[in-house]
Amino acid sequence: MVRTVSFVQSHTFNFEGSLFQEAITLADFDNDGTNELCIGNVAGDLSVFKENHLRWVTDNLGMITCLGVGDIKNKGANSLVVITGEGLCYIFDHDITSDIKHSDSSQEIDSKEINLNQNYKQLFPLNIKQLIIADVTNRGANDLIVILDTIVRIYSWDEDAEEKLRHRDKEIYNFDRQIDAITVNTSKDGSQSIFVCIPSEGIRILKAIRSEKNTFLRWDRIEQNVKLSAPVTDAIGNVHSNAIRDNMVCFATLDGLLKMYHGDEELWSLALDNPVFALVKTDIDQDDTDEVIACSWDGLTFFVDHSKNCVRFKFEASVPIRAFCAGQYAMEGSNNKPALVYVTFSGDVVIFYDVQLTSLGVHTLNDYPLDLTSICDSEMAPSTKHRAKLIRDLLQKSCENKQWYQRRVRAMAPESS
């Protein structure tokens with residue numbers, strides 16, 4: 001039976017309009033070490049929320065289908081990349097001078113928004129539905145990976161070119177069928193591969209092959225022995241595990257299955273109560289290992305660890321949700337903490353912040369040594385001693401309550417004649 005948990009700390013923003021699932025993310029846009037919430041809709045409105053207020057805005061971009069944040073220019077600073085259905089790619093950089101002018105002109109900086117600084121615009125193919133920023137060509141610099149229908153395209157930033165996001169003919173791969181989703185995973189040797197989810201074919205892996213002079217030669221298409229029972233609704237790579245010292249990949253399928261793979265080895269499969277449309281990963285229990293977070297359209301959210309332990313959270317809303325993301329977010333006066341973000345059809349963006357679970361598994365007293373007194377008196381790690389002390393106090397309190405209850409029963413019992 002799956003445990004149900006509840007979270008209390010939340011904040012609600014307002015953001016009107018329809019949006020795609022790939023048009024929302026938590027990332028460090030202003031390069032200050034804490035994350036912001038970036039979100040765009042089909043009307044072309046783009047907003048960046050920081051802490052508990054709306055900070056940066058722009059509009060009239062076109063139908064935003066996907067966005068992402070990363071060091072696309074390879075200068076050591078993040079940029080916000082936005083792509084529209086009309087084939088326009090925008091790059092926004094954080095402008096620190098605008099923040100300073102805004103701060104000088106207003107005593108209430110949190111109550112007014114700053115216009116986003118559009119640094120670059122370029123024409124792309126139509127109907128791009130997903131983007132990822134990562135070094136998939138393994139050249140030591142980030143690339144922009146996009147998918148449209150059956151094609152995977154790779155762009156790289158070139159400061160000296162007229163079209164600064166350059167696309168080379170070799171850095172493209174065309175599949176026979178529509179692509180459901182892509183994700184990127186990093187191997188032990190540091191090289192990155194693209195996992196491509198193809199309906200009825202399973203998973204295909206693209207890995208860049210480079211020459212001795214570090215020039216791109218071709219894509220090595222690895223026939224992954226991964227066959228899925230239904231189309232993939234989402235995929236997430238780089239799910240870190242301390243246990244195997246490597247990254248794993250998780251897939252969610254339309255029939256409600258969650259599958260975790262290490263290479264082509266299926267580690268486990270979990271049938272969820274509802275089919276899910278969004279997968280993310282973050283360290284929710286602060287154990288230096290990523291957990292997978294899956295969300296369904298009715299707000300039912302599942303947290304799954306590497307041992308297949310699962311707990312769930314029900315986001316209570318009067319209307320279904322239209323988008324979901326999770327990761328790290330910093331509210332006012334705090335550092336990055338785990339957070340869940342739900343976007344509803346009524347225009348509410350609800351963020352649950354400082355979301356923490358001590359453990360996803362269920363533990364009993366049999367999981368701990370029996371001689372609790374000797375444990376507390378021995379030279380052991382503080383965390384173990386503290387846990388044992390809590391158990392001993394609990395048992396002692398239970399005994400005291402039982403004795404009190406027995407005294408009450410004896411006092412209330414009628415005297416025998």
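User: How many residues line the largest pocket, and which lie nearest its centre?

Analyst: On a 1 Å grid over the protein atoms alone, a pocket is an open set of points with protein on both sides within 12 Å along at least five of seven lines, a cavity is a set of points where a 1.4 Å probe fits but cannot get out, and lining residues have an atom within 4 Å of a point. Here the largest pocket is lined by 37 residues, with Thr25, Leu26, Ile236, Val280 and Lys281 nearest its centre. Two or more lining residues come from each of β3 (24–27), β7 (64–70), β12 (130–134), β16 (181–186), β20 (232–241), β24 (278–282) and β28 (321–329). Strands (E, at least two residues) and helices (H or I, at least four) are DSSP runs, numbered from the N terminus. The model is predicted: local features need pLDDT of at least 70, side-chain atom pairs count only at pLDDT 80 or more, and totals for chains, interfaces and linings use all residues. Residues are numbered from 1 along each chain as its sequence is written, and side-chain values use heavy atoms, with hydrogens and water left out.

User: What is the volume of the largest pocket, and how do its lining residues divide by class?

Analyst: A volume is the space filled by probe spheres set on the grid points, which are joined across faces, edges and corners. For the largest pocket this is about 1,000 Å³. As to class, Ala, Val, Leu, Ile, Met, Phe, Trp, Tyr, Cys and Pro count as nonpolar, Asp, Glu, Lys and Arg as charged, and the others, Gly among them, as polar. The lining of the largest pocket comprises 19 nonpolar, 14 polar and 4 charged residues.

User: What are the volume and the lining of the second largest pocket?

Analyst: The second largest pocket has a volume of about 320 Å³. Its lining numbers 17 residues, of which Phe20, Gln21, Glu22, Lys129 and Asp180 lie nearest the centre. By class, 7 are nonpolar, 6 polar and 4 charged.

User: How many cavities of 30 Å³ or more does the structure hold?

Analyst: The structure holds 1 cavity of that kind. The largest cavity contains about 40 Å³ of space. It is lined by 10 residues, and Trp56, Asp93, Asp95, Asn115 and Asn117 are the closest to its centre. The lining of this cavity divides into 4 nonpolar, 4 polar and 2 charged residues.

User: How many salt bridges does a search of the whole structure find?

Analyst: A salt bridge is a side-chain nitrogen of Lys or Arg within 4 Å of a carboxyl oxygen of Asp or Glu. The search finds 10. One of them joins aspartate 30 and lysine 50 at 3.1 Å, N to O. Aspartate 30 lies in the loop between β3 and β4 (36–40) and lysine 50 in strand β5 (residues 46–50), so this pair ties together parts that are 20 residues apart in sequence.

User: Is aspartate 30 buried or exposed, and what of lysine 50?

Analyst: Buried means under 20% relative accessible area, exposed over 50%, and partly exposed in between (1.4 Å probe, protein chains only). Aspartate 30 is buried at 10%, and lysine 50 is buried at 8%.

User: Which residue forms a salt bridge with glutamate 159?

Analyst: The partner of glutamate 159 is lysine 75, at 3.2 Å, N to O. Glutamate 159 lies in the loop between β14 and β15 (165–174) and lysine 75 in the loop between β7 and β8 (79–84), so the bridge ties together parts that are 84 residues apart in sequence. Glutamate 159 is partly exposed, with a relative accessible area of 38%, while lysine 75 is exposed at 59%.

User: What is the nearest side chain of opposite charge to aspartate 246?

Analyst: For charge, Lys and Arg count as positive and Asp and Glu as negative; His and the chain ends are not counted. Aspartate 246 is buried yet has no salt bridge, and the nearest oppositely charged side chain, lysine 188, is 4.9 Å away. Aspartate 246 belongs to strand β21 (residues 246–253).

User: What is phi of aspartate 149, and where is this residue found?

Analyst: Most residues other than glycine have a negative phi. Aspartate 149 has a phi near 55 degrees, a positive value in a residue other than glycine. Aspartate 149 is in the loop between β13 (143–148) and β14 (151–157), and is partly exposed at 36% relative accessible area.
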